[in-house]
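Dear colleague,

I am passing on the structure we spoke about, with notes on a few places in it. Please read them with the model open beside you.

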Amino acid sequence: MLQCPEVDRMSIVRSLSRPPHLRPPNERRWESSVWRRCTLLNGEFTGICCPSHPVIDVSGEESSSKLSLHEQEKFLEQAEKIALQEMQKFLADVGNVPEDMSTQNTHFHAGHHPSLPDDVLSPELVRQGLLEVLTWQALEMISNGTVVVQRFQRPKRCLVGPPCEKSHSRYRRFDGRCNNVEPGGSLWGSAGYPMERLLPPAYGDGIWAPRIVSYTGRYLPSARKLSSTLFADLHHPHTTCNVLLMQFGQFLAHDFSRNKAINTKSKCCTEDGSGRVKDASPGCMPIPVSSGDDFYSQYGVRCIHFMRSAVAPMRDCDSVGHGRQLSGVSHFIDGSAIYGASSKQAHELRAHEGGRLKSLFHRRFHNELPPLDRTKDACDPGAEMCFLTGDARSNQLISLVAVHTLFLREHNRLARRLQQLNPHWSDKTLYQEARRIVIAQLQHIAFGEYLPKVVGPRYIALYRLHLPTAGTYSDFYNHHTNPSVSSEFTVAAFRFGHSTVPSKLELHDGSVDTWRTFLNPTRFRERHFYDDLFGALQHQPMQSVDEMFSTSLTRFLNVKPGKQYGVDLAAINIQRGRDHAVRPYNDYRRLGGKPGAYSFDDFGIEVGHKLRSLYSHPDDVDLYVGGILEPPVEGGVVGETFAELIADQFSKFLHGDRYFYSNGPDTNPGHFTVQQLKEIQRVTMASLICANAGDPHRMHVLPDAFALPHDGNRLVDCTAHEIPRLDLSWWRD
């Protein structure tokens, strides 16, 4: 159902919003005729067939506005003035108030605060997007809804992706553009392209107001109240998967998803957190904290800072008329966390010698690390080292730094070996060929080792996510598939990993509170720390995906100097879903053809009792909350709703990426030869760790690197035959 093109998904959600016995016979007959049941894969699965023609639901279609064009223009002019008044707050916060703020000039100047080096979203783009949603909100308000925003689009706002000059480039672009070279598709999946939607957003005003009102008309419970009541810090280790699976998942998430805050300088709460800031920026959506909070009350905290995501300008010719959130990185699995999401950033990360990336190299210890990042506030003030990579979030967790270091080392290892095989290759060729191989390895591990453990074999089969057999090309690419991530995937489903973070990291020399490793990678200067950390990550079980969250994330995330508390990531996840106006959990159950929770008891007696004390109606439960509470699917770590959303998105990564590593010469201009492809298909996470160990003779790995040790997954030496080695001789010219 999620994969049906040109379909009104909300019609089936509405149809299934009541139990069958409460739906009249004519509605059940309509459902049976329009949403015909299908059996898939030899009867193993039952689903809903994609209709041969789009289903058009005209029941709620609004009548066309009867206002004259002149009247509509007057309304628009007035709305723009109101929006510009609101923008004054935003511009004052960032220290940039343009002299000319006429309604005819919506393209603001950049101002004096340059964006971060890895930020591909210009301040002008962010400001224009904010101005336009504020304008449409004002238009809706002053016209009492008589001007239909969805049908009031001025031609000058239309912008179709530009044609691609180099449509058959051997190497993919850093920003993701021109992966699809079909007319109108050149921007799909690129950095700065809006996130997609599986279901229409539930904005309070239909435009950009966050989802904060209950099905019953009351306010939804505070995100912090939900977190503190539902999510306890109890040790519940996973029985088969280790912390390395959790950490690879975070690295992968950063590769294809990054929410861009509207304003990173403005504060929504007072300095001591005792309340909201008066006349706050239009993007502020702080999280209220009750006076009786079980943790924050002792510090007098009543407000947690939260800034809404930046939205795209409504410039599509068929604009949907509501806020669409921007992604700060490309939507592909393309190594942007390693190489950056723009050509400028990639240039700054290159050594410009031998095709290598910049690095620190300790000759005595054979210890290669990412280059230092000397930017203020890049790490904790007490950190003696801070690293620069393709993603600004790389120092968040010490184990995340390890994965970044692994791929940096792999790139430079490949570049050195390719230079030996092809000394005539230029620095640029060496760099691009090494990058091409690293991205292929990343995709192969993501689909071959990581994803099956997350969604389980049922959803791998249902969404046809199996990789081709060794030595054969795939024909996955479909130029009609938009690979862009959906809001539901990036702000809910793929945040399941936050539940898997342990409260303590079991390092080789003792355990340490996980939050004490945030933004402080100093220990990497120790001779054997990198190797020992990878050993520890393989042996420590990750936590199960459930309502148990480490206080490292719900109390001590980003502790500021002088403070004894941090922010609550689980509450931020819930709030981010409401910011994006992601629809309630039940709607996505119904979208997948499954029954929704008609009663709180459907969540289980104990959890249902807690939910009843928080929400007014089962249809209020947030997608993130409901998805986290589901029991895992067989052979996977997430529940069936998240498994469906994740499998659907990875299917789009697979079918919407022209450069996917296994695609052959018919579609992929940067395809590998059959022998080269065979070599890449032999690569595993374990082989990657071994190839880049500081001391491979003392390094031991688990062949199934994301699984805990068991009889069929015993530790082996890195020189053992079970560990494959990439034969680069097939890349010799």
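Gly664 sits in the loop that runs between α18 (640–655) and α19 (674–682), where helices (H or I, at least four residues) and strands (E, at least two) are DSSP runs numbered from the N terminus. The model is predicted, so local features need pLDDT of at least 70 and side-chain atom pairs count only at pLDDT 80 or more, while totals for chains, interfaces and linings use all residues. Residues are numbered from 1 along each chain as its sequence is written, and side-chain values use heavy atoms, with hydrogens and water left out.

With a relative accessible area of 5%, Gly664 is buried (buried means under 20%, exposed over 50%, partly exposed in between, for a 1.4 Å probe and protein chains only). Leaving aside neighbours within four places in sequence, Gly664 is in contact with Tyr473, Ser474 and His671, contact meaning heavy atoms within 4.5 Å.

Asp380, in the loop between β7 (367–369) and α9, is partly exposed at 31% relative accessibility. Beyond its neighbours within four places in sequence, Asp380 is in contact with Phe518 and Leu519, and the C-alpha atoms of Asp380 and Lys560, 180 residues apart along the chain, are separated by 8.5 Å.

Finally, α9 (residues 398–421) meets α10 (residues 427–462), and among the residues in this contact are Phe407 and Leu414 of α9 and Tyr431 and Ile437 of α10. The residues of the contact of α9 with α10 divide into ten nonpolar, three polar and three charged, where Ala, Val, Leu, Ile, Met, Phe, Trp, Tyr, Cys and Pro count as nonpolar, Asp, Glu, Lys and Arg as charged, and the others, Gly among them, as polar.

Notes. Axes are lines fitted to C-alpha atoms, for helices over the stretch in contact, and angles run from 0 to 180 degrees between N-to-C directions.
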